[in-house]
Amino acid sequence: MTVTTLAVLVPLLPFLGAAAALFLGKRAPGFAQPVAVLPTAAAFVLAAIVAARQGSGPATDAAHRLTPTGSVPIDLALHLDGFAVLIAVLVGLVATCVQLYSTGYLRDDPRYVSYSALVSLFTAAMFLVVYSGDLMVLLVGWEVMGICSYFLVGHYWETEAARSASIKAFLVTKLGDVPFLIGLFALATDAGTFRINGILTAATHGELHHPTLIALLLLAGVAGKSAQFPLHTWLPDAMAGPTPVSALIHAATMVAAGIYFVARLLPVFETSSAAMAVLAAMAAITMIGSGLAALAQDDIKRVLAYSTIGQLGYMAGALAVGDRSAAVFHLLSHGAFKALLFLGAGVVIHSAGTNSLAAMSRMGDLGKRIPDAMWTMGIALAALAALPPFSGFFSKESVLRAAEHAAGGHTAHIPAAVGWTVLVAGLVTAVLTAGYATRLFLLAFRGQGATVADHGREPVVMNAVLWVLAIPTIGFGMISLLPRVFDLPQWFDGEALSPTLTTSVLGIGLALVGILAMYGAWQATATRRRVPIGAVVAAPPQDLEPALVEETAIDTHAKVYGDIAAAEDPGDPGRLLLGPLHRHAAHGFHLDALYAALFVRPVLAAAGLVRFLDREVIETYVSGTGAAPRLLGAAVRRAQTGNVQTYLSVLLAGSVVLAVLVAVGA
Amino acid sequence: MNDTVLQYLLAAVVVLPLLGAVGALLPPPPGLRGKSPDQAVLRHGVTVSGVVLALSIALAAGFDHDHPAKMQASTDISWIPALGIRIHLGIDGISLPLLVLTALLTFLCAVYSYFKMPAGPSPKAFVALILVLESGTLATFAVLDLILFFLAFELVLIPMYFLIARWGGEGREKSALRFILYTLLGSVVMLLGLLLIGIKAGTFDMVALATDNGSHLSHTTQLIAALAIGLGLAVKAPMWPLHSWLPDAHTSAPTVGSVLLAGVLLKMGTYGFVRILLPITPEATRTYAPYLAAFAVIGIIYGSLACLALARQGTGGDLKRLIAYSSVGHMGFVLLGIATLTPTGVNGALFANIAHGLITGLLFFLVGSLKDRYGSTDLDRLAGQTGAALYGRAPRLGGLLAFGAVASLGLPGLAGFWGEMLAMFGAFKPAVGLHRGAYLTFTAIAAFGTLLTAAYLLVVVRRVCMGERSTAEATEPVLADVQTYEFAAWTPLVALTVIAGLWPALLLGLTDPAVRTLLGGS
Amino acid sequence: MGTLVQSVDWIAIAPPVIAAALALIVLVADLFVSEARKPLLGWLTVGGLVLAGLSLIPLLDHDRSTFCLTTAGGDCSYVADHFTLVIQLLVIGGALLTALLSIHIMDELPAGEYWFLLLSSASGAALLPASRDLATLIIALEVASLPAFALVGIKRGDRLSSEAALKFFLSSVAATAVTLLGVSFLYAATGTLHLTALAHGLTGVDPQLATLAKAGAALTIVGFAFKLAVAPFHFWVPDTYTGAPLPIAAYLSVVGKAAGFSGLILITVVALKPYADVWGPAVAVLAALTMTVGNAAALRQRPDASRSAVRLLAWSSIGQAGYLLVPVAAAAYAGTDEIGTTIAYALMYGAVNLGAFAVVALVARSAPDNRLTDYRGLYARRPLAALSMAFFLLCLAGLPPGIIGLFAKVAVFSSAVHAGLGWLAVIMALNVVVALVYYLRWTALLFAKPEGAEAPAPAVTLPQPSAGGGPPPDFAGSTPTGEARGRTSASLRSPTSLTAAIALSAVLGIALSGAPQLVLRFASGGLL
Amino acid sequence: MHLVYPAVLSALLFSVGLYGVLARRNAILVLMSLEVMLNAVNLNLVAFDVWLRDRLHAGQALTLFVIVVAAAEIGIGLAIVLLVYRNRGTSDVDRLTDLADSDDPSVVAAPEEKAEAAA
């Protein structure tokens with residue numbers, strides 16, 4: 001079995017799994033869970049084998065003509081290089097963990113079959129994006145991921161939040177995909193092919209006519225898909241979907257696809273320094289804005305969502321300074337620990353009966369009830385805050401090192417200013433990240449007050465998955481630095497990824513500052529947290545399915561706390577630190593209201609105008625033309641007076657007129 | 001299979017439905033009495049359209065796939081020498097897919113109405129009319145003589161008028177009359193153009209005219225003829241300002257009528273553009289192309305905004321009317337593809353044609369079954385404040401509706417995407433001599449149109465499929481999930497949408513060579 | 001001084017002569033035939049007309065002409081060329097179908113006179129296309145018209161029939177007077193009455209008389225335009241058709257029009273050829289006006305008015321006259337071959353219009369007041385009649401399944417486009433759409449479900465021809481009296497002659513739809 | 001005699017006939033004016049025949065035909081007028097408007113008063 005056949009099997013297996021699940025569906029409920037888990041697990045194993053076989057060797061390419069189009073043909077192409085195979089391994093790992101986790105999380109959900117089929121379909125689409133060597137096939141995987149995310153976010157369609165979040169998620173990503181498609185057209189027209197290799201060689205030979213325009217168009221699509229600054233508003237609302245979905249789609253894979261796409265086509269972006277500057281600015285704003293917003297969120301998942309936006313900002317920053325190895329390195333490590341955090345959050349919500357941090361901070365010994373979740377989430381939060389020895393520290397340091405390297409003006413055709421913006425933003429975000437990581441841990445697991453009612457034991461599979469994901473969170477960073485065992489730089493472009501002294505000291509220092517500041521604020525507001533607030537999902541005696549707990553939690557959050565995102569809790573340390581900024585940060589700096597005013601309202605007004613135009617203007621024209629012959633007909637009919645002398649007079653008058661016209665006229 | 005067998009196959013495919021229609025009017029022969037006369041005649045309809053489908057599939061199989069540009073299975077016998085009209089039939093890569101699509105859709109409609117006869121008078125007339133309609137549409141795609149094309153174009157009017165006027169919903173007489181008058185005016189104006197070409201070029205034969213590529217026609221004749229024919233065809237494939245007959249026709253047509261109207265009749269207009277205007281009057285088409293593109297793009301935006309207005313809460317929008325407007329939008333893409341005058345664009349247009357036939361046919365079937373279950377397709381009554389929760393009440397029907405909506409918004413991987421993408425790709429780099437700037441803005445607007453399409457379709461899915469837990473568990477109007485006969489009628493459409501999405505070469509392989517020769521080997 | 005007796009080619013003039021002789025035979029036979037065997041006269045007329053039709057066959061091989069001048073030029077007054085034969089076929093066929101339509105109502109009409117008048121009018125109409133000089137033309141027109149006045153007024157007791165006859169008479173004679181004035185002016189300008197000589201003369205007319213000649217040309221056209229019911233001279237048509245007995249309305253709508261357009265063609269295309277640039281636009285404008293007026297008025301007919309079916313067919317025949325004129329106008333621009341299209345269209349129109357009148361006659365037997373509303377749900381009661389009526393109406397509208405109607409219209413469109421009359425073609429296109437409204441409304445009515453089958457439509461009693469001039473019976477729309485109901489049930493079995501008429505025109509229509517070349521071959525010209 | 005005299009006379013005669021047709025109410029007088037018009041044309045034809053010195057005398061031949069036709073027309077015309085009089089009790093052309101395209105469908109026409117015919 002050559003590498004290519006294996007690589008073809010990797011996206012094919014989950015796709016067949018999804019198809020099988022849909023067909024088996026109601027007929028064989030018993031098979032539902034194995035049909036969901038086994039294909040994805042097999043795909044993960046195969047991805048690992050492909051990665052091992054491919055190793056750090058030269059990129060393997062294979063293609064088969066999919067269809068002629070009239071000008072630029074489209075091929076089913078594979079392009080396997082270091083980046084692709086490793087990300088495929090990450091995707092396989094997270095997808096298998098999520099499928100396993102979901103068997104417990106949604107065990108008696110009536111729609112488990114369609115849910116698992118959609119997750120498998122999503123995994124297949126992600127594999128297609130990762131392995132594809134042809135941009136149009138990549139776009140197919142790109143949009144199939146978008147629609148799967150739409151259906152999965154809308155899984156709890158009984159709740160209003162899920163209904164509006166799913167349509168918002170798809171439309172915002174689709175808004176990004178519109179310029180993305182036009183960018184692909186521009187690339188294909190200039191390079192004469194959709195194949196990535198062809199485009200890269202064309203870019204390096206400078207055949208792209210308007211590189212800046214193309215880069216900006218592509219960046220719009222990337223911003224939409226990877227939830228970067230202007231088009232990020234859909235990700236926090238997408239938390240209305242089930243937690244495993246958020247873990248898979250909104251942490252590790254789909255949102256990473258945008259960064260991966262830019263990494264793949266970096267030479268295209270590097271041809272225009274203006275595009276890199278825009279990317280850097282976008283990354284900076286995303287990092288800082290999301291950091292602040294994460295501090296003010298009350299819903300545990302929305303904190304993690306904003307944190308994901310922030311970390312993606314880091315990767316975008318690394319790309320902006322031209323170092324795609326650092327970006328992909330951070331992508332891999334972030335994928336592991338962020339998926340772990342989300343799955344852990346699922347466990348927390350199930351045991352605490354609520355997703356509100358304010359409510360959790362008033363529950364005593366929550367941590368003792370779910371020790372596995374507490375420990376694994378602790379490790380992951382530490383990795384998030386970039387504390388050594390966890391993988392987060394190494395990957396984030398490699399980004400900061402690349403930024404510092406560019407700031408010094410040593411990277412080719414990357415202006416120093418870009419390096420400085422990414423570096424400064426990176427450091428500020430390091431503080432903020434540490435801050436909200438600690439806030440989350442303290443509020444969730446160090447709460448005081450009455451012991452919480454038991455919501456039934458966690459299914460063992462959920463805890464096991466947490467520990468599986470904890471391994472890469474701990475080990476991945478360190479292994480990458482032992483060249484003999486697993487020489488990561490060789491898999492990438494070859495530059496060193498080990499942390500330098502200055503940035504690591506700076507990074508650790510700022511992280512500690514963030515942690516201590518948050519700890520101090522937490523101590524100060526301890527007294528205020530004795531006042532009870534919010535409600536806990538009163539779990540009925542028998543063991544309630546975690547998904548139902550989460551669904552009711554999401555549904556009731558707005559009713560209980562008055563707002564889907566924030567909660568008026570004086571005891572929140574984040575409120576203390578943010579001060580006046582808190583209200584704005586909680587609502588994502590009112591970008592939603594801005595977009596509603598800028599885009600949604602004018603479109604609906606135009607729709608109203610069209611409705612009026614169609615009913616009044618065009619309708620009157622059409623029925624008007626209908627009326628003309630009727631009027632003439634009425635006139636002619638009334639002319640039939642019945643009096644023969646009128647007939648004779650008309651006859652003779654007609655003859656006279658005819659004679660005169662003929663005689664005189666011609 | 002040699003050409004003479006194909007020749008008889010094609011002739012049989014076109015004539016058989018007519019014979020079937022006459023057979024439907026006659027009393028059934030003793031052997032085939034069946035349970036009741038109605039059931040017998042409906043079964044007759046199914047068998048005839050089934051045989052026609054089988055023949056057309058055999059035709060497709062026998063078709064020489066290596067030279068789709070060559071006109072195959074052609075019969076050419078003189079019919080009226082006085083007017084120079086010959087019965088000239090033939091198919092190539094462009095007309096074959098449309099032929100098979102028509103046969104398939106009519107067969108599915110016959111099967112659907114075998115089990116669920118729409119309310120109205122005798123099914124005998126119903127079956128006869130559907131078979132005449134099928135013969136008219138098949139003839140339109142198979143005929144290669146300008147006046148026979150006009151005859152087939154008109155053969156469709158009377159059956160569709162009676163289908164809407166006798167078996168339709170409320171306001172059917174008025175909308176049926178508006179439909180037939182509007183389309184007849186268009187087709188008579190088209191006749192003037194066809195006659196002008198026939199007289200000036202000396203022959204009505206499309207193949208000869210196409211190979212001349214307009215060399216015998218002076219520029220002004222081409223301009224006048226192309227304008228006349230263009231107007232007639234634009235009414236049929238509703239181009240934006242001439243579309244106001246479509247929503248009324250669809251709102252009051254029976255389910256089967258809507259499926260055939262959207263699935264097949266709209267294609268005759270766009271097929272006419274490709275088969276007649278592009279090859280026969282190239283210079284005139286080149287001068288009109290930007291205006292056609294502009295109208296097409298306005299049609300896309302106008303259609304989707306109208307749908308958005310209908311889909312919103314409290315506007316009293318009707319679901320069938322919404323899907324009719326969505327057809328205006330989709331056909332806008334087809335017309336944009338044609339207006340680019342590039343092989344990519346025209347390939348995209350033909351692909352979108354087939355895809356629209358499949359997907360909108362499926363959507364109208366689904367909305368028809370909703371109307372049977374709920375009694376009305378008025379969105380506000382259906383959805384109420386929070387939605388009709390079809391996912392809960394009838395999961396399979398909800399799933400299919402979601403699939404139809406997703407396919408219709410042009411999700412890559414399903415048939416809807418390739419047509420629209422290639423049309424926009426063609427418009428991105430139009431034929432040389434067309435104003436590049438204008439076409440770039442058209443591409444941008446069309447791309448924005450896909451976003452609007454996605455918006456209103458997902459709003460519809462939200463208001464129909466999703467809803468509160470209480471509505472999901474409500475049981476007062478008992479809601480049967482998808483029946484076996486409905487599955488039988490719909491699975492081919494779903495399967496074909498997925499196959500055409502995953503393997504576009506199935507259609508593009510056929511149309512690409514044919515389109516290249518049509519555009520003069522450019 | 002040659003022999004005074006001119007040699008006459010009897011075979012050439014056979015068709016009109018047979019018809020005329022048959023008329024006399026029938027008139028005389030009427031004296032000897034007893035009341036009971038009166039229908040025999042009917043079948044005698046039909047047989048005679050068939051014989052007249054057969055007499056056309058020997059003339060097919062080559063053109064013949066008779067009554068020629070021995071002096072200069074050798075112009076002949078009677079020419080039996082292809083043009084004449086086709087028109088004579090149409091006239092005789094029309095008369096035959098009218099006869100078939102009339103046989104079943106002979107009990108109310110004076111049989112002998114009726115057949116005599118019908119045959120003499122037919123012979124006049126048969127003579128007209130063959131005449132090649134203005135005198136014979138006028139005489140033929142009068143011979144065709146005078147019996148028609150009598151036929152319209154033949155229902156002695158019926159007050160409407162007499163009124164219609166009077167209107168028809170006065171209008172027609174006035175038109176003839178104007179035509180004769182025109183003829184005199186033309187005679188003054190060219191000094192001859194023979195058409196070909198006239199054409200030759202008009203080229204060299206001296207300037208003073210030029211305006212007189214042009215005026216004469218215009219006035220001559222009026223008489224035939226009146227007979228064809230062209231726009232400003234159409235007012236008599238609705239009143240006459242509604243007042244006249246049904247078969248006569250059918251006769252006038254087909255054979256009357258045939259006489260009209262053949263006379264018009266002979267004058268414009270043959271006699272006034274040099275003035276083509278003068279009468280071309282005039283005829284085109286008249287055509288446009290006629291079709292628009294005809295179709296627009298037909299659009300607004302009230303379906304529940306009494307006799308609305310015949311009135312609608314009257315207005316529709318005016319519209320169709322507009323279509324007939326288009327190729328004549330085209331002939332002014334694109335040569336005489338264009339008039340073949342008029343004849344082809346006329347043949348189609350003749351067969352189909354008579355079929356429609358036959359079905360109206362059939363329905364009139366059960367609903368004597370033939371309102372349009374009486375046709376609701378005809379398909380339920382008489383499926384075949386309803387289907388053939390739908391076929392005839394769609395042929396008139398020019399839509400498939402009326403294939404022959406469609407191709408005839410395509411031929412007319414083609415001649416208009418060929419002659420460059422773009423604006424006329426567009427107006428005709430609009431008219432086709434307007435015409436479809438009322439044809440389709442009637443067709444839909446045929447297949448509509450009969451509302452309340454048990455309450456028959458309020459039939460107004462038809463005035464029974466009481467013996468002598470008794471008091472005119474009242475017309476109050478009352479419930480159907482005894483014998484009217486009686487007649488409704490008795491007449492369910494349609495008479496053989498009527499079914500024969502419907503069947504003949506339906507078969508003719510379907511056969512032509514299958515092979516339009518049979519009729520459209522004349523469109524390719526070579527007639528005159 | 002110069003041609004203009006008969007031509008003018010016939011034109012005058014034709015106009016008189018025309019006036020008679022349009023203005024008179026009694027059907028018989030309308031018939032008479034129609035005859036005047038026809039005879040005006042006859043005069044015209046004979047005048048032109050003489051003026052043209054036509055050896056074939058086509059004009060006069062046509063005049064004879066027209067006279068015969070006029071006679072036949074008068075025969076039928078009077079028969080019709082008689083018929084109308086007997087049916088309607090009046091031969092007043094203005095009163096014969098039963099066949100108008102009336103708007104109200106039910107009543108065909110108001111029945112004529114019998115009295116006037118009897119008087």
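User: What does B:Glu468 form with A:Arg163, and how far apart are the closest N and O atoms?
Analyst: B:Glu468 and A:Arg163 form a salt bridge, with 2.7 Å between the closest N and O atoms. The term stands for a side-chain nitrogen of Lys or Arg within 4 Å of a carboxyl oxygen of Asp or Glu. Keep in mind that this is a predicted model, where local features need pLDDT of at least 70, side-chain atom pairs count only at pLDDT 80 or more, and totals for chains, interfaces and linings use all residues. Residues are numbered from 1 along each chain as written, chains are lettered from A and ligands numbered from 1 in the order written, and side-chain values use heavy atoms, without hydrogens and water.

User: How many salt bridges are there across the interface of chain B and chain A?
Analyst: The rule finds 4 salt bridges there. Helix 19 of chain B, residues 436-465, gives the most to the side that touches chain A, with 12 residues. Helices here are DSSP runs of H or I with at least four residues, strands are E runs of at least two, and both are numbered from the N terminus.

User: Which salt bridge does B:Arg462 make?
Analyst: B:Arg462 pairs with A:Glu160 at 2.9 Å, N to O. That one runs from helix 19 of chain B to helix 6 (residues 160-191) of chain A. B:Arg462 is partly exposed at 25% relative accessible area, and A:Glu160 is partly exposed too, at 38%. The cut-offs are under 20% for buried and over 50% for exposed, with partly exposed in between, using a 1.4 Å probe and protein chains only.

User: And what's the area buried between chain B and chain A?
Analyst: About 4,700 Å², with 74% of that from carbon and sulfur atoms. That's the accessible area (1.4 Å probe) the two parts lose on being put together, summed over both. The contact takes 58 residues from chain B and 49 from chain A, where contact means heavy atoms within 4.5 Å. Among the 5 pairs of chains that touch, A and B have the most contacts.

User: What about chain B and chain D, how far apart are their nearest C-alpha atoms?
Analyst: Those are 24 Å apart, and the two chains do not touch.

User: Switching to B:Asp248: buried or exposed?
Analyst: B:Asp248 is buried, at 16% relative accessible area. This residue lies in helix 10 (residues 245-252) of chain B.

User: Which side chains does the side chain of B:Asp248 make a polar contact with?
Analyst: One polar contact is with the side chain of B:Arg178 at 3.3 Å, and another is with that of B:Arg321 at 3.2 Å. A polar contact is a pair of N or O atoms within 3.5 Å; within protein, one must be able to donate a hydrogen and the other to accept it, and residues adjacent in sequence count only if both atoms are side-chain atoms. Leaving aside neighbours within four places in sequence, the contacts of B:Asp248 include A:Glu619 from chain A.

User: Which helix do B:Asp512 and B:Arg516 lie in?
Analyst: Both lie in helix 22 (residues 505-518) of chain B, 4 residues apart, about one turn. B:Asp512 is buried at 8% relative accessibility, whereas B:Arg516 is partly exposed at 31%.

User: Last one: how many helices and strands does chain D have?
Analyst: Chain D has 4 helices and 0 strands. Of its 119 residues, 44% count as buried.
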